[in-house]
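Here is a protein chain to look at.

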Amino acid sequence: MKIKSFLTVVAAAVAIVLGMCSCGDDDDDPVVAVAEQVAGSYTGNEVIKVMGEESSNGTATYGFVKASDTSVDMTVPEAGGMGPMSIPALTVKNIPLTQSDNTVTGRLASYAGTVKTANGDEKAYTISDVTVIFKETAVAATFSLKYGNMPFEMVTTFSGTKK
């Protein structure tokens with residue numbers, strides 16, 4: 001009889017321990033990659049300055065696409081209107097992101113690429129000093145652009161909200 005009582009106590013103890021172990025917090029929110037949190041289209045005000053003088057100020061839409069869990073590609077929209085004087089949409093790839101509370105920051109020293117112009121020519125560009133700051137549904141971005149053989153950099157600031 002003592003063995004039967006002992007086995008009953010052991011079985012009850014095992015059931016309690018297993019029951020407690022399986023009562024984990026299954027309601028935890030899944031972890032969303034920082035790049036997924038900020039990916040999307042943002043529309044707002046874009047200001048472009050050349051040699052400290054404002055050359056453009058208007059509404060623009062910037063795109064941010066997840067490149068990895070911790071980086072995004074940024075699409076800068078076409079600038080300068082239409083025709084041969086316009087600058088086509090440009091991409092800045094692999095901007096690394098960090099997160100602190102509900103603010104996500106991206107910084108990239110420099111990115112060089114090429115793009116096809118309206119008449120089919122290929123032009124080189126370099127975008128440097130990139131900073132993007134995401135907070136909730138808003139983004140603020142700043143960078144400098146050197147396009148083709150232009151002698152001056154274009155300093156751009158953008159602030160927008162997620163569509």
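Q: Which strands form the closed barrel, and how are they paired?
A: The model is a predicted one. In it, eight strands close into a barrel in the order E1-E2-E3-E4-E5-E6-E7-E8. The pairing is antiparallel. Neighbouring strands of this sheet are turned against each other by 25° on average, direction ignored.

Q: What makes E6 and E7 a pair of strands?
A: Pairing needs at least two bridges between the strands. Strand E6 (residues 122–135) and strand E7 (residues 138–147) are joined by nine bridges. Therefore they count as paired. The two run antiparallel. Within this pairing, Thr126 stands opposite Lys146 in E7.

Q: Why is the link between Glu36 and Lys66 called a salt bridge?
A: The cut-off is 4 Å, from a side-chain nitrogen of Lys or Arg to a carboxyl oxygen of Asp or Glu. Here the N to O distance is 2.9 Å.

Q: What makes Lys66 and Asp69 a salt bridge?
A: The same test applies, with its limit of 4 Å. Their side chains meet at 3.0 Å, N to O. That is within the limit, so this is a salt bridge too. The structure holds two salt bridges. Glu36, Lys66 and Asp69 are linked in a network of them.

Q: Why are Glu36, Lys66 and Asp69 called partly exposed?
A: Buried means under 20% relative accessible area, and exposed means over 50%. Glu36 has 44%. Lys66 has 34%. Asp69 has 46%. These values lie in between, so each residue counts as partly exposed.

Q: Is Ala60 buried or exposed, and how do you know?
A: Ala60 has a relative accessible area of 8%. The limit for buried is under 20%, so Ala60 is buried. Ala60 is found in strand E2.

Q: Which residues touch Ala60, leaving aside its neighbours within four places in sequence?
A: Ala60 is in contact with Tyr42, Thr43, Gly44, Glu46, Pro77 and Phe158. As for Val47, its C-alpha is 9.5 Å from that of Ala60, and the two are 13 residues apart in sequence.

Q: Which residues have the most contacts inside the largest nonpolar core?
A: They are Phe64, Met74, Ile127, Phe134 and Leu145. This core has 33 residues. In soluble globular proteins, nonpolar side chains tend to be buried together. Ile127 touches several residues beyond four places away in sequence, including Val76, Leu90, Val92, Phe143 and Leu145.

Q: How much of the protein chain is buried?
A: Buried residues make up 33% of the 163 residues. The accessible surface comes to about 10200 Å². Carbon and sulfur atoms hold 58% of that surface.

Technical notes: Residues are numbered from 1 along each chain as its sequence is written. This is a predicted model: local features need pLDDT of at least 70, side-chain atom pairs count only at pLDDT 80 or more; totals for chains, interfaces and linings use all residues. Side-chain values use heavy atoms; hydrogens and water are left out. Buried means under 20% relative accessible area, exposed over 50%, partly exposed in between (1.4 Å probe, protein chains only). Accessible areas come from the Shrake-Rupley method with a 1.4 Å probe; for residues, only the protein chains shown count as cover. A nonpolar core is a set of buried Ala, Val, Leu, Ile, Met, Phe, Trp, Tyr and Cys residues joined through side-chain atoms within 4.5 Å. Contact means heavy atoms within 4.5 Å. Helices (H or I, at least four residues) and strands (E, at least two) are DSSP runs, numbered from the N terminus. Axes are lines fitted to C-alpha atoms, for helices over the stretch in contact, and angles run from 0 to 180 degrees between N-to-C directions.
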